[in-house]
Amino acid sequence: MQLARRLLSYARPHKALILLGWLATVLYGLSNAGLVYMIKLIFDDVLIRNTRFFDVAIAIIALYACKGLGAYFS
């Protein structure tokens with residue numbers, strides 16, 4: 001236990017960067033989940049009903065941008 005505390009003391013000055021990396025990883029995961037959900041919208045709304053093409057396209061671009069930012073900062 002004492003070894004773990006000593007090792008964590010070295011990370012203490014970098015607490016903000018560790019938190020930023022963790023939040024970026026969460027953003028990356030949520031973007032991936034959003035892209036998987038977009039597949040449903042592509043099949044249901046765009047291909048079958050021919051509606052919401054522009055909305056789905058913008059959402060996919062935004063999700064890929066968030067995914068890229070999350071990957072870069074994590």
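How many aromatic pairs does a search of the whole structure find? The search finds one. Before the details, a word on the model: it is predicted, so local features need pLDDT of at least 70, side-chain atom pairs count only at pLDDT 80 or more, and totals for chains, interfaces and linings use all residues. Residues are numbered from 1 along each chain as its sequence is written, and side-chain values use heavy atoms, with hydrogens and water left out.

**The aromatic pair and its patch**

The partners are Tyr72 and Phe73, in an edge-to-face arrangement with 5.1 Å centre to centre and 85° between the planes. For reference, rings of Phe, Tyr and Trp (its six-membered ring) pair if their centres lie within 6.5 Å, and planes under 30 degrees apart count as stacked, over 60 as edge-to-face and the rest as tilted. Tyr72 is exposed at 67% relative accessibility, while Phe73 is partly exposed at 43%. Here, buried means under 20% relative accessible area, exposed over 50%, and partly exposed in between (1.4 Å probe, protein chains only).

Helix 2 (15-48) and helix 3 (53-73) each supply at least two residues of the patch; Phe73 sits in helix 3. Helices are DSSP runs (H or I, at least four residues), numbered from the N terminus.

**Salt bridges**

Now for the charged side chains. A salt bridge needs a side-chain nitrogen of Lys or Arg within 4 Å of a carboxyl oxygen of Asp or Glu, and by this rule the count is three.

| Salt bridge | N to O distance |
|---|---|
| Lys40 and Asp44 | 3.1 Å |
| Asp45 and Arg49 | 2.7 Å |
| Asp45 and Arg52 | 3.0 Å |

Lys40 and Asp44 both lie in helix 2, four residues apart, about one turn of the helix. Lys40 is partly exposed at 45%, and Asp44 is partly exposed at 26%.

Asp45, Arg49 and Arg52 are linked in a network of salt bridges. Asp45 is buried, with 6% relative accessibility, whereas Arg49 is exposed at 54% and Arg52 is partly exposed at 43%.
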